[in-house]
Amino acid sequence: MRMIWKAASAYPGRIATALAALAVTAAATLGIPWGFSQIIDKGFARGSDPATIEQWFLILLAIVAVLAAGTAVRFYSVSWLGERVVADIRLAVQANLLRLSPSFFEDNSPKEISSRMTADTALIEQVVGTTVSVALRNAIMALGGIGFLFALAPKLTLGLVIAIPVVIGPIVWFSRRLRNVSRNSQDRVADIGALVAEVLGAVRIVQAFNQESREAARFGQAVERSFATAKRRITIRAAMTAVVMLLIFGSLTFLMRAGALAV
């Protein structure tokens, strides 16, 4: 993340535009339920005239228009920033590779390096262009939503705030394990690519010495290692999904029960 932030900090104007659009879209998203509540409470209230209903529908339409415009600006800015950061990282990595000694390329396959230059940097692009933006938007919406809930039902919101660490704790623990296993899975896939490139690049030598069975066995072992790592990743993710759903919906059930008993 430090490397990504260093590359992105070279474009402060684009970051500021993305953050401003992110704040606007998060506020507009929170404003849509408020707009619907105003339409129901005031526009459809007994004795309301058509002008009042029209006014609140126009306000809701304005909120939707702001949300649409802000989302377009946010998507463009964040996507542009992701592409630019990946391009700069690729340029920096290539420049560094050209300065390394030939012994480095004896120990590290150029095919594997080129695979990482494309596959790994694509993951960085996804982080910059999607993950960070979604995380920030959800954080802003969470803070704004908690503020609205405190204004509506302080006691229930306090219970929700207390329940949040109980839900987040297991998610963080599972996420760390999943991140490590995902990294290992990425390495195993890269090993398969490097092995295929190595064997096919010297296929005449392999066939000349009748080593087809040996290379097929090596490839089979690499594929099985990749499958075993992927199976661990799938198991951890399945367990995390079950635990998270149980904690989230269980917490909501207890909060609804507390609200119903309070009424």
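**View 1. Leucine 81 sits in helix α3.** Helices (H or I, at least four residues) are DSSP runs, numbered from the N terminus. The model is predicted: local features need pLDDT of at least 70, side-chain atom pairs count only at pLDDT 80 or more, and totals for chains, interfaces and linings use all residues. Residues are numbered from 1 along each chain as its sequence is written, and side-chain values use heavy atoms, with hydrogens and water left out. Leucine 81 has 9% relative accessibility and so counts as buried. Buried means under 20% relative accessible area, exposed over 50%, and partly exposed in between (1.4 Å probe, protein chains only). Leucine 81 touches Ala8, Tyr11, Arg14, Ile15 and Val128, with residues up to four places away in sequence not counted. Contact here means heavy atoms within 4.5 Å. The C-alpha atoms of leucine 81 and alanine 8 lie 7.0 Å apart, although 73 residues separate them along the chain.

**View 2. Arginine 74 also belongs to helix α3, residues 50-99.** Its relative accessibility is 13%, so arginine 74 counts as buried. Neighbours within four places in sequence aside, arginine 74 contacts Ala18, Ala21, Leu22, Thr25, Ser133 and Arg137. Valine 24 is 50 residues away along the chain from arginine 74, and their C-alpha atoms are separated by 9.3 Å.

**View 3. Helices α5 and α6 pack against each other at an angle of about 175°.** Their axes are 13 Å apart. Axes are lines fitted to C-alpha atoms, for helices over the stretch in contact, and angles run from 0 to 180 degrees between N-to-C directions. The angle therefore makes α5 roughly antiparallel to α6. Angles over 145 degrees count as roughly antiparallel, under 35 as roughly parallel, 65 to 115 as roughly perpendicular and the rest as oblique. On the α5 side, the contact includes Lys111, Glu112, Arg116, Leu123, Ile146 and Phe150. By class, the contact of α5 with α6 has 14 nonpolar, two polar and six charged residues. Ala, Val, Leu, Ile, Met, Phe, Trp, Tyr, Cys and Pro count as nonpolar, Asp, Glu, Lys and Arg as charged, and the others, Gly among them, as polar.

**View 4. The largest pocket holds about 1,200 Å³ of space.** Of its 23 lining residues, Leu123, Gln126, Val127, Thr131 and Arg179 are the closest to the centre. On a 1 Å grid over the protein atoms alone, a pocket is an open set of points where a 1.4 Å probe fits, with protein on both sides within 12 Å along at least five of seven lines; lining residues have an atom within 4 Å of a point. Grid points are joined across faces, edges and corners, and the volume is the space filled by probe spheres set on the points. Helices α1 (2-8), α5 (110-152), α6 (154-201) and α8 (212-262) each supply at least two lining residues. The largest share, eleven residues, comes from α5. The lining has ten nonpolar, six polar and seven charged residues.

**View 5. Asparagine 210 lies in the loop between α7 (203-208) and α8.** Asparagine 210 is not a glycine, yet its phi is positive, about 55°. With 61% relative accessibility, asparagine 210 counts as exposed.

**View 6. Glutamine 221 and phenylalanine 227 are both found in helix α8.** Glutamine 221 is partly exposed, with a relative accessible area of 49%. Glutamine 221 and isoleucine 192 are 9.6 Å apart, C-alpha to C-alpha, and 29 residues apart in sequence. Phenylalanine 227 is partly exposed, with a relative accessible area of 49%. The C-alpha atoms of phenylalanine 227 and proline 102 are separated by 33 Å, with the two 125 residues apart along the chain.
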